[in-house]
Amino acid sequence: MDIVSPPTAPRPKAEGERRGLILVHTGHGKGKSTAAFGLALRAHGRGKPVKIYQFMKVPSARFGEHRMFEQLGIPIEGLGDGFSWKSRDLEHSAQLARDGWARAEETIRAGEHFLVVLDEITYPLRYGWQTLEPVLACLRERPAHVHVVLTGRDAPQELIDLADTVTEMTLVKHHHQQGVPAQRGIED
């Protein structure tokens with residue numbers, strides 16, 4: 001490990017306007033949804049209205065984040081029917097994604113929320129269940145104060161180009177590669 005000196009000079013202060021941001025968390029590493037949930041908690045802690053949509057989770061999901069957000073009064077809504085490989089009807093899964101996008105788009109355009117999280121939205125985009133252009137149009141046309149976080153692997157380049165902040169989670173090592181299964185409180 002290299003030892004470095006801590007910074008002693010402040011960074012230059014940004015002089016631009018404060019406005020709603022588009023943030024994308026993508027890549028094959030773990031932590032995309034977790035990072036988005038952290039932003040949701042931060043915004044909620046500042047008294048800002050937040051809404052979370054999960055495109056691949058079922059409406060009845062009771063993962064750890066659902067339990068905690070419910071206790072905190074942060075609305076989180078599953079829009080899908082679970083993992084695609086467990087689907088009995090992929091056209092039904094696709095329709096759920098399209099219906100879910102209509103709900104999310106309405107929320108974004110209404111401008112009543114400071115932060116809207118579109119968790120795992122890249123999957124319905126990549127599968128062709130939801131076309132990209134209406135999502136990009138909504139993001140471009142959203143009220144100026146609305147922040148939107150989009151998560152999922154393999155974010156389309158057009159989304160990356162539109163975003164203000166893009167973080168790519170890179171897989172370095174994962175416990176699944178060592179045969180350790182998913183665990184409550186870590187994966188769910």
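## Terms and model

Helices and strands are DSSP runs, numbered from the N terminus. Lining residues of a pocket have an atom within 4 Å of one of its grid points. The structure described here is a predicted model.

## The largest pocket

The largest pocket has a volume of about 1200 Å³. Its lining is made up of 42 residues, and those closest to the pocket centre are Lys30, Lys57, Phe83, Glu120 and Glu187. Sorted by class, this lining contains 14 nonpolar, 16 polar and 12 charged residues.

Two helices each supply at least two residues of the lining of the largest pocket: helix 1, which spans 32-45, and helix 2, which spans 64-72. Helix 1 gives the most to this lining, with six residues.

## The second largest pocket

The second largest pocket holds about 640 Å³ of space. A total of 19 residues line the second largest pocket, and Arg18, Arg19, Leu21, Phe114 and His147 lie nearest its centre. Helix 1 and strand 5 (147-151) are the elements that give two or more residues to this lining. The largest share, three residues, comes from helix 1.

By class, the lining of the second largest pocket divides into eight nonpolar, four polar and seven charged residues.

## Helix 1 in both linings

Helix 1 gives the most to the lining of the largest pocket, and the largest share of the lining of the second largest pocket also comes from helix 1.

Definitions and conventions. Residues are numbered from 1 along each chain as its sequence is written. This is a predicted model: local features need pLDDT of at least 70, side-chain atom pairs count only at pLDDT 80 or more; totals for chains, interfaces and linings use all residues. Side-chain values use heavy atoms; hydrogens and water are left out. On a 1 Å grid over the protein atoms alone, a cavity is a set of points where a 1.4 Å probe fits but cannot get out, and a pocket is an open set with protein on both sides within 12 Å along at least five of seven lines; lining residues have an atom within 4 Å of a point. Grid points are joined across faces, edges and corners, and a volume is the space filled by probe spheres set on the points. Helices (H or I, at least four residues) and strands (E, at least two) are DSSP runs, numbered from the N terminus. Ala, Val, Leu, Ile, Met, Phe, Trp, Tyr, Cys and Pro count as nonpolar, Asp, Glu, Lys and Arg as charged, and the others, Gly among them, as polar.
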